[in-house]
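Welcome! Have a look at it first, and then read on.

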Amino acid sequence: MADTSFDLVVVGGGPGGYVAAIRAAQLGLKTAVVEREHLGGICLNWGCIPTKALLRSSEIYHLLHRLDDFGFSAKDISFDAGKVVARSRAVAKQLSNGVAYLLRKNKVTVFDGHASLVGKGRLAVAKDGNPVAELAADHIVLATGARARSLPGLEPDGELVWTYKEAMVPAAIPGSLLVVGSGAIGIEFASFYHDMGAEVTVVEVLDRVLPVEDEEISAFARKSFEKQGIKIYTAASVSGLERNGEGVSARIEANGKSLEVDVERVILAVGIVGNVEDIGLENTDVAVERTHIVVDEWLRTGEAGIYAVGDVVGPPWLAHKASHEGVICVEHIAGVNDVHPLDIRNIPACTYCRPQVASVGLTEKAAREAGHDVKVGHFPFIGNGKAIALGEPEGMVKTVFDSKTGELLGAHMIGAEVTELIQGYTIAKTLETTETELIRTIFPHPTLSETMHEAVLDAFGRAIHF
């Protein structure tokens, strides 16, 4: 086996790993990445990117059925599920190839294989059981990601009961579907399959859908989904599945009652499990809690020289959070002077369902529980000229401010393109902007972004169009 020495080795080529590697190389560190499957990780290959390609197709299909609203007509509207999936996979491949190019450009060495810690500062890399190399590095960054969680009695089989992977490559759109879990992944799949023509039922164990979002946004989203025809059961659970060859019978416990739902397919979207197995952690002082590696503010583990970033560490489990952690980690290693620990209050969250959902910072409830005296503003999309012109008047923006300091504590949005709009509030929070600067900011007209301005104005009793 080759014995190759590096300043830093990253285990995992996802959005946390490859970004950490590129930044390390930019800072002059001799860097390598070990990836056992696809560069770009789950995000680029089986998550963020291909799902957005699928959702774009379902958005177009939905709009085609609204042609009359815009003065058009068409007959025999149909789709080819194979082509929809093929486009999604092609998009993923293009971006994965792009990551490979970026690593080459930055002179990062890539090893194809599975890495395991075999001693202080040492990694053994193997492929299909055959040794590839033994690497030595002063710094090792674990970015091994996570995988879908399973539940007893609801284990996926890849045929009738799917994880996100099977849900992204259907041979055909099922006529009916049960989604277990209403977080971002579950709701995005529910939205995609419903807009493609499936009858969709969602079961959520907590008392509301999108449970990490602000309560008003969750309520708005549920009302919208149910208006579309999606069936939703909250404070509910699936007590069992019976596979019958052609479909699945699911027993749902909700409101003290049991009911049975027959569907063609089931999607499990009940969280993730960190990939901490078979990487040699048992030989270290790295601590693992609930399948995730414990790190400090600089992403250091309990073992000197070993760090961890991304989905294998704590929440929120988001690609952009992983990338930011990767940069913080290697900049701290390299001694960059102005690096700061991650402030999770400034991490935006986006769900690409219809209507879209986006947020940053504290919910109103969390802000009050933290002791803030708050001012809350709202603005509905129906009061926005651009939203009406687009035929997308369903939505709202909510802002939460500290009434004493004017600090923007949180912003919560639902409606068309809010996943693009939320960055405005994210920048405001990063700059520690108060209501004074936001009120004085000129928002272009006519745009959806005007809803953001009005929601700020409303919090301070100054809304113009509401």
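The notes below cover a sheet, a helix and some backbone details.

Please keep in mind that this is a predicted model. Good places to begin are an open sheet of three strands and helix α13, which is largely enclosed by the rest of the structure because nine of its ten residues are buried.

**The three-stranded sheet**

- The strands of this open sheet follow the order β12-β13-β14, and their pairing is antiparallel.
- The edges are taken by β12 (236-243) and β14 (257-263); each has a single partner strand, so one side of each is left without a neighbour in the sheet.
- On average, neighbouring strands here are turned by 25° against each other, direction ignored.
- Strand β13 covers residues 248-254, and seven bridges join β13 to the antiparallel β14.

- Helix α13 spans residues 450-459, and its buried residues are Glu450, Thr451, Met452, His453, Glu454, Ala455, Val456, Leu457 and Ala459.
- The cover over these buried residues includes the strands β22 (374-380), β23 (396-402) and β24 (408-415), along with the helices α11 (418-430) and α12 (435-440).
- After α13 comes glycine 461, with a positive phi near 70°.

**Two cis peptide bonds**

- Most peptide bonds are trans, which makes the next two worth a visit.
- Proline 315 is joined to proline 316 by a cis peptide bond with omega near 0°; proline 316 sits in the loop between β19 (306-308) and α8 (319-334).
- A cis bond also links histidine 445 to proline 446, here with omega near -5°; proline 446 belongs to the loop between α12 and α13.

- Most residues other than glycine have a negative phi.
- Aspartate 128 is not a glycine, yet its phi is positive, at about 55°. You can find aspartate 128 in the loop between β5 (122-127) and β6 (130-142), and its relative accessible area of 72% makes it exposed.
- Arginine 290 is not a glycine either, and it has a positive phi of about 50°. Look for arginine 290 in the loop between β17 (288-289) and β18 (292-293); with a relative accessibility of 80%, arginine 290 counts as exposed.

Notes: Residues numbered from 1 in each chain as written. Predicted model: local features only at pLDDT ≥ 70, side-chain atom pairs only at ≥ 80, totals over all residues. Heavy atoms only, no water. Pairing = 2+ DSSP bridges. Helix = DSSP H or I, 4+ residues; strand = E, 2+ residues; numbered from the N terminus. Axes fitted to C-alpha atoms, helices over the stretch in contact; angles between N-to-C directions. Buried < 20%, exposed > 50% of the residue type's maximum accessible area, 1.4 Å probe, protein only. Contact = heavy atoms within 4.5 Å.
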